[in-house]
Amino acid sequence: MQTIRVSDRKSIGHDQPAYIIAEIGINHNGSLELAKKLIEEAAAAGCDAVKFQKRTPELCTPRDQWHLQRDTPWGRITYINYRHKVEFGYEEYASIDKHCNKHNVDWFVSCWDEPSVDFMEQFNPGVYKFASASLTDHALIAKVKATGRPYILSTGMSTMNEIESTVNKFGMDNLIVAHSTSAYPCPPAELNLKMIHTLQQLYPGVPVGYSGHETGLATTVAAVAMGACFVERHFTLDRAMWGSDQAASVEPQGMHRLVRDIRDVEAATGDGIKRVYESEMGALKRLRRVVSFEQNV
């Protein structure tokens, strides 16, 4: 399996520690200070990266929804106005870039339209991610593909035919695949973690990971035990905060536990070669009642 370098700090691949992504997305609710606090908490938990979302509202919001009224933290405003409120511009992302470097954590985004790719190129991202909704947006994928950078293709809300069509069109060079189910939150019975193995078998050599939207942590840890090269979970300071993704997000204490448990699972996996460890010798001497097989032959 290939290893793909996604930053000066980290790579994603089967022979690497799981790359743990805290998806901030739009959980910052348009506040740079909140975004910085989330970066700090993700870094303190031991995450490798934080991820944001970048949109051009006029391109990503259906025109018939522009003037629908919506209750928001800024009062009752139109949906297109809300979409602008939660978008960061150049100054905010320049500040995010400096803050992530200060805390030794990678950052990147999911771009939802082609101008957003042009915008993000100013920051020399190590990797791009496509939201599951963009898997069939071949024009957008082509735009990112032309940058020559690695990209993560998320496969929620997609059929196998759609996944195979996109991968066949764009090839496996610089490709990283994420298994996902796009329900917020997702019930355990629909997580279908064995799809990690299916994708590994379908695309040998391509790093396969997991983007989860469930509540709880155990199933994300299980994804790593099943071979996921990276995991992504939405991240928030408080699940009770306003916003569509908050309820399916992990809070800081939970992220600390998630990172700890993933690293424990990685350490426990071993190499599959049976050996008697030094830590077992005391029990061996106290408890074994017969001489070893080797001594009897």
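**A helix pair and a buried aspartate**

In this predicted model, helix 9 (residues 218-225) and helix 10 (residues 252-269) cross at roughly 30 degrees, and their axes come within 9 Å. Helices here are DSSP runs of H or I with at least four residues, and strands are runs of E with at least two, numbered from the N terminus; axes are lines fitted to C-alpha atoms, for helices over the stretch in contact, with angles running from 0 to 180 degrees between N-to-C directions. Helix 9 and helix 10 are therefore roughly parallel (an angle under 35 degrees). Their crossing is right-handed (the near helix is turned clockwise from the far one by less than a right angle). Helix 9 contributes Thr220, Val221, Val224 and Ala225 to the contact (heavy atoms within 4.5 Å), while helix 10 brings Leu258, Asp261, Ile262, Val265 and Glu266.

Turning to the loop between helix 1 (32-45) and strand 4 (49-54), we find Asp48 there. Asp48 is buried, at 7% relative accessible area (buried means under 20%, with a 1.4 Å probe and protein chains only). Its side chain makes polar contacts with the side chains of Lys10, at 3.1 Å, and Arg263, at 3.2 Å. Such a contact is a pair of N or O atoms within 3.5 Å; within protein, one must be able to donate a hydrogen and the other to accept it, and residues adjacent in sequence count only if both atoms are side-chain atoms. Leaving aside residues up to four places away in sequence, Asp48 also touches others, including Tyr19, Val105 and Asp106.

Residues are numbered from 1 along each chain as its sequence is written, and side-chain values use heavy atoms, without hydrogens and water. Local features need pLDDT of at least 70 and side-chain atom pairs count only at pLDDT 80 or more, whereas totals for chains, interfaces and linings use all residues.

Note on methods
Parallel < 35°, antiparallel > 145°, perpendicular 65-115°, else oblique. Buried < 20%, exposed > 50% of the residue type's maximum accessible area, 1.4 Å probe, protein only.
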